[in-house]
Structure formats: C-alpha cells, structure tokens
Amino acid sequence: SPATVSRCGMIYMEPESLGYDVFFQSWIEVLPETFSFKPEFATTLLRLCQEVMPPVLTFVRKATVEVVKTQDNNLIQSLFRLLDSYFVNFQPNELKPAAS
C-alpha cells in the first residue's frame with residue numbers, strides 16, 4: 001500500500017506497485033512530433049516494450065551480476081534515453097519542420 005507523507009502532500013509509491021506500463025506510456029507520449037504522421041510506429045514501440053522488457057529484466061536479474069545494483073525503472077529509463085538518442089534525427093528543427 002502507498003505510504004503517505006502528509007506534510008508535503010505527496011504520496012510515495014513503490015516502483016513495484018507502479019508496474020512498467022506507466023513508464024512505457026509516458027515515453028510514448030513524448031516521442032518526437034515527426035512520429036505523429038505514422039501512429040503505428042508508437043503502437044509498435046509500445047507493444048515491443050510490453051512484450052520484450054519484462055523477460056529482459058528477468059534475465060538481467062537472474063542471469064547477470066551487476067557491479068552496481070539498479071532498479072528496474074532505472075534500467076527502463078536508461079533504455080529510453082538510449083533510444084531517444086537514435087530518434088534525435090526525427091526531432092523537428094528550423095530546417096525540418098514537424099509533420100503536419
């Protein structure tokens with residue numbers, strides 16, 4: 001159950017209680033605007049995240065040794081940052097406007 005911090009008005013949620021879909025959905029929402037011309041890209045990325053990430057995280061936890069301990073949500077965010085670096089070519093700029 002979530003613990004409440006009443007003085008600040010915050011609610012602390014344990015990462016395990018959030019699940020992975022929260023991270024997947026929030027990342028899909030901030031994909032570059034140029035992805036909007038083909039919504040199936042975002043749908044495919046979301047489906048791949050939902051199908052591939054849980055088994056990969058299980059593999060990392062059971063079959064590898066981490067030098068520095070990590071949380072699953074940190075690994076997911078790191079993957080998204082890596083993927084974002086590949087998507088930088090799709091970011092609109094003054095030479096390449098957003099798709100309309």
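What follows covers the core, the aromatic rings, the salt bridges and one surface patch.

First, the ground rules. This is a predicted model, in which local features need pLDDT of at least 70 and side-chain atom pairs count only at pLDDT 80 or more, while totals for chains, interfaces and linings use all residues. Residues are numbered from 1 along each chain as its sequence is written, and side-chain values use heavy atoms, with hydrogens and water left out.

Let me begin with the core. In soluble globular proteins, nonpolar side chains tend to be buried together. A nonpolar core here is a set of buried Ala, Val, Leu, Ile, Met, Phe, Trp, Tyr and Cys residues joined through side-chain atoms within 4.5 Å. Buried means under 20% relative accessible area, exposed means over 50%, and partly exposed is in between, with a 1.4 Å probe and protein chains only. The largest such core has 15 residues, and those with the most contacts inside it include Phe24, Trp27, Leu31 and Phe80. Two or more residues each come from α2 (21-29), α3 (39-63) and α4 (72-87). Helices are DSSP runs of H or I with at least four residues, strands are runs of E with at least two, and numbering starts at the N terminus. Which helix gives the largest share of this core? It is α3, with six residues. As for Leu31, its contacts (heavy atoms within 4.5 Å) are Ala42, Leu45 and Phe87, leaving out residues up to four places away in sequence.

Now the rings. A pair of aromatic rings is described by the distance of the centres and the angle of the planes. Rings of Phe, Tyr and Trp (its six-membered ring) pair if their centres lie within 6.5 Å; planes under 30 degrees apart are stacked, over 60 edge-to-face, and the rest tilted. That rule gives four aromatic pairs. Phe24 and Phe80 are edge-to-face, because their centres are 6.2 Å apart and their planes stand at 75°. Phe24 is in helix α2 and Phe80 in helix α4, so this pair ties together parts 56 residues apart in sequence. Phe24 is buried at 1% relative accessibility, and Phe80 is buried at 2%. Trp27 and Phe87 make a stacked pair, 6.2 Å centre to centre with 20° between the planes. Trp27 belongs to α2 and Phe87 to α4, so here the linked parts are 60 residues apart in sequence. Both Trp27 and Phe87 are buried. Ring pairs join Tyr20, Phe24, Trp27, Phe80 and Phe87 into a cluster.

Next, the charges. A salt bridge is a side-chain nitrogen of Lys or Arg within 4 Å of a carboxyl oxygen of Asp or Glu. There are three of them. Glu51 pairs with Arg47, with the closest N and O atoms 3.4 Å apart; both lie in α3, four residues apart, about one turn of the helix. Arg61 bridges to Glu66 at 2.8 Å and to Asp72 at 2.7 Å. Asp72 is in α4 and Arg61 in α3, so that bridge ties together parts 11 residues apart in sequence. Shared partners join Arg61, Glu66 and Asp72 into one network.

Last, the surface. Ile11, Met13, Leu18 and Val22 form a nonpolar patch with about 340 Å² of accessible area together. Patch residues have over 30% relative accessible area and no salt bridge; like charges are joined within 9 Å, and nonpolar side chains (Val, Leu, Ile, Met, Phe, Trp, Tyr) within 5 Å. Accessible areas come from the Shrake-Rupley method with a 1.4 Å probe, and for residues only the protein chains shown count as cover. Val22 lies in α2 and is partly exposed, at 43% relative accessibility.
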